[in-house]
Structures are given as C-alpha cells and as structure tokens.
Amino acid sequence: MKQIARTLACTALLACLFAVPLRAEEVKAGDLVITRSWSRATPHGAKTGGGYLTIENKGSAPDRLIGGSADVAGKVEVHEMAMNNGVMMMRPLDQGLTIDPGKTVKLSPVGYHLMLLDLKSPLKQGDKVPVTLEFEKAGKVKVSLDVQGVGAPGLTATPSSKSKTDTKGMSPGMKM
Ligand SMILES: [Cu+2]
C-alpha cells in the first residue's frame, strides 16, 4: 500500500512538472521565427504596457519590424531603451527595427520593445493578448503575449525598479 502511495506521489509530482513546461510556442512567418512573446501585467490605471518577444531571421535578406496593432491598445509602437546622460529613456524607432539575416533580435523590458499605448483595459497576469506585428517583408504576423506578473523580472531589472519601470521611469523620453 505504501508503495502505491509513493508511486502516486511521484506521478503527481511529474504531472506538475510537465504541466508547466517552458512553452516554446513558435510563430513562423516566411523566414522569421517568433518565440517567447510575453508582457507584464499593468498596474491599475496604467495607459501603457510592453510587449516582448524574440525574432529570428532564418532567411538571407533583412526584414524590419515596422509596427503593429492590438485590440487592447489604441496604438502599438516599436521602441528602444537607451541611456541618455545617465538616464534611461525610450524613443520610438521611426525606421523600425531591422532583423538581419541569420540574426536573432530580442525585445525585452531593457532594450527594444513593443509599446502598447492607450490601453483600453489593464493587462492581467495569465491573459493572452493578441497582437498583430507588421514587418516590411513578412507582412502582418499574429502573436499572442503571455502576460506575466507585474514584477516579472526583465533581463537586468532589479526588484526595486519594477514599479518605476512600467510608466513613470519610462516616460521621460516620450510624449504621451
Ligand atoms: Cu516604450
């Protein structure tokens, strides 16, 4: 009897481990492969949110991410974060973001990112937010952003910076 209980416990544990796989959801569009599309829950009342994903160009010609759209947002822009006189600022990439052949470009909270402007409703943890990306060559590509918790770590974000990053810390460089 004990043996059975132990087996069951093991099975349950395994089931749990496999229930939360690192989902390698891929979206392919021509030569582009898009993975790890995610976002962060937005604080109450926030009008902007981020969109993060990894784009790999398996082709032999460059492509460019020039913009996007989402039902949840009035506008979607491609932004970059950059240090300017010691202050982290962000600005829209007017020319879009080039993905060179053979290269992988990561959009993250600390670098290039999608900016969802004029949010119509908050992004909630667990939501899947459909976003349509627009590439110069690959055209329109639908992805869905997996919304993580408000404090979901960025690549180098420190715990104390998380509340500032979302709206206030990001806004000096932009007019909204
Ligand atoms: Cu931005």
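How many helices and strands make up the secondary structure of the chain? There are two helices and eleven strands. Helices (H or I, at least four residues) and strands (E, at least two) are DSSP runs, numbered from the N terminus. The model is predicted: local features need pLDDT of at least 70, side-chain atom pairs count only at pLDDT 80 or more, and totals for chains, interfaces and linings use all residues. Residue numbers start from 1 along each chain as its sequence is written.

Read from the N terminus, the order is α-β-β-β-β-β-β-β-β-β-β-β-α. The chain has 176 residues, and 26% of them count as buried. Buried means that 20 or more other C-beta atoms lie within 10 Å of a residue's own; exposed means 12 or fewer, and partly exposed lies in between, with C-beta atoms placed from the backbone.

Next comes the core. The largest nonpolar core holds 28 residues. Such a core is a set of buried Ala, Val, Leu, Ile, Met, Phe, Trp, Tyr and Cys residues joined through C-beta atoms within 7 Å. L65 and V131 are among those with the most contacts inside this core. Strand β10 (128-135) is one of those that supply at least two residues.

Now turn to D118 in strand β9 (residues 113-119). D118 is exposed, because 12 other C-beta atoms lie within 10 Å. Leaving aside neighbours within four places in sequence, D118 is in contact (C-beta atoms, placed from the backbone, within 7 Å) with K47, A73, G74 and K75. K47 is 71 residues away along the chain, yet the two C-alpha atoms are separated by 5.1 Å.

Terms used. Contact = placed C-beta atoms within 7 Å.
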